[in-house]
Amino acid sequence: MENNVFSFPRVGKYTSVFCHLLENLGLKVLPPPPITEQTVKLGVRHSADMMCYPFKITLGNFIEAIEQGANSLIMFDSRGRCRLRHYWMLQDLTLRRLGYQFKLYPVSFSNLLSLIKKFNPELSYLNIFKKLKQGWGELRKGEGPAPTISREKVNLGLVGEIYTCLEPAINLDIEKKLNLLEVNIFNTVRLSDFIKASLRLDYREKRTYKRRAKNYLNGRLGGHGLENIYNSMYLIDRGIDGIIHLLPLSCMPETTIEPILDKICADHNIPLLRLPIDETRSEINFDTRLETFVDLIKRRKK
Ligand code: SF4
């Protein structure tokens with residue numbers, strides 16, 4: 001695979017960790033280009049109108065990566081219950097229709113090792129495991145420690161769709177905006193938690209909340225639906241001052257849990273701000289809603 005140049009969609013602060021991991025595995029990597037208005041336009045132009053916003057962004061990101069020289073694309077296959085499991089197939093179809101020459105590799109937790117071995121047959125499984133462990137360490141280090149509730153500052157929990165919560169280009173850099181408003185942020189969406197949950201290594205964590213959250217759903221939902229319900233309950237019990245629900249318009253799991261989050265927050269008298277995002281979002285409107293929400297909580301806290 002000497003002539004392969006790998007790329008993948010950007011994923012916030014984790015982008016550099018993945019680039020480093022792929023290089024460490026002996027692969028040639030093109031760091032995914034930054035997400036700009038042009039990326040959004042490309043993704044929107046070649047996607048179905050009602051497709052989720054993360055699909056459009058990752059498609060735009062792939063187009064730009066191919067145009068900059070990538071010929072081997074890596075896309076996560078969730079094997080889950082929402083549209084994410086179909087992204088790679090639809091993107092493969094769309095990019096071929098556009099005439100691009102490339103190979104797209106869906107990666108899931110079940111094919112990860114065999115795929116790496118295929119990319120670099122010289123690596124032994126032991127070496128692959130060591131490099132993955134090293135990547136895991138970097139990923140955890142980049143996330144930093146979990147924050148604690150502050151008595152002086154406003155404490156806000158962020159829940160929502162995974163890509164929208166992780167990628168600043170999509171969420172309009174909400175964490176930076178909240179930092180400027182001196183908010184103590186609890187972003188409940190962390191990639192390490194997602195990996196642990198996918199590998200079923202988190203069964204001891206927040207067990208009571210997971211049990212309580214299941215009472216609101218008639219079976220499995222997919223995406224981060226269940227996680228957002230139990231994380232909201234967890235944060236409320238720890239004294240959070242308010243919750244922000246970030247979701248891409250038309251997202252199935254997040255739309256489904258809207259009335260559930262509304263009820264949980266209303267029952268505990270916790271303010272909830274819902275911010276749906278897609279390519280038509282206005283940053284001024286977004287900022288105004290955010291500032292008003294924070295002001296309201298600051299006054300309430302006094
Ligand atoms: S979680 Fe929502 S936005 Fe993400 S792939 Fe599923 S339906 Fe689309």
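**View 1. Helix H4 lies across strands S3 and S4.** Welcome to a predicted model, in which local features need pLDDT of at least 70 and side-chain atom pairs count only at pLDDT 80 or more, while totals for chains, interfaces and linings use all residues. Residues are numbered from 1 along each chain as its sequence is written. Helix H4 runs at about 175 degrees to S4. Such angles run from 0 to 180 degrees between N-to-C directions, and the axes are lines fitted to C-alpha atoms, for helices over the stretch in contact. Two residues are in contact if their C-beta atoms, placed from the backbone, lie within 7 Å. Helices (H or I, at least four residues) and strands (E, at least two) are DSSP runs, numbered from the N terminus. Together, S3, H4 (residues 87-97) and S4 build a right-handed β-α-β unit. Right-handed here means that, with the strands pointing away from the viewer, the path from the first strand over the helix to the second runs clockwise.

**View 2. S1, S2, S3 and S4 form an open sheet with parallel pairing.** Reading across, the order is S2-S1-S3-S4. Two strands pair if DSSP finds at least two bridges between them. S2 (28-29) and S4 stand at the edges with a single partner strand each, so one side of each is left without a neighbour in the sheet. Further in, S1 (residues 5-7) runs parallel to S3 and is joined to S3 by two bridges. S3 (residues 72-76) and S4 (residues 103-107) also run parallel, with five bridges between them. Leu-73 is partnered with Leu-104 in S4.

**View 3. Helices H2 and H3 pack against each other.** Their axes are 7 Å apart and meet at an angle of about 110 degrees. H2 and H3 are therefore roughly perpendicular to each other. Angles of 65 to 115 degrees count as roughly perpendicular, under 35 as roughly parallel, over 145 as roughly antiparallel and the rest as oblique. On the H2 side, the contact is made by Thr-39, Val-40, Leu-42, Gly-43 and Val-44. H3 brings several residues, among them Lys-56, Ile-57, Leu-59 and Glu-64. The residues of this contact divide into six nonpolar, four polar and two charged. In this scheme Ala, Val, Leu, Ile, Met, Phe, Trp, Tyr, Cys and Pro are nonpolar, Asp, Glu, Lys and Arg are charged, and the others, Gly among them, are polar.

**View 4. Domain 1 and domain 2 touch each other.** The domain assignment places domain 1 at 5-142 and domain 2 at 147-301; the bounds come from an automatic or database domain assignment. The C-alpha centres of the two domains lie 26 Å apart. From domain 1, 19 residues are in contact with 24 residues of domain 2. H2 (37-45), H3 (53-67) and H6 (125-143) each supply at least two residues to the side of domain 1 that touches domain 2. The largest share of that side, four residues, comes from H3. The residues of that side of domain 1 divide into 13 nonpolar, two polar and four charged.

**View 5. A second open sheet is formed by S5, S6, S7 and S8.** The strand order is S6-S5-S7-S8, and the pairing is parallel. S6 (183-187) and S8 (272-277) are the edge strands, each pairing on one side only. On average, neighbouring strands of this sheet are turned by 25 degrees against each other, direction ignored. Five bridges link S5 (residues 154-160) with S7 (residues 242-248), and Leu-156 has Gly-242 in S7 as its bridge partner. S7 is also joined to S8, by six bridges, and His-245 stands opposite Arg-274 in S8.
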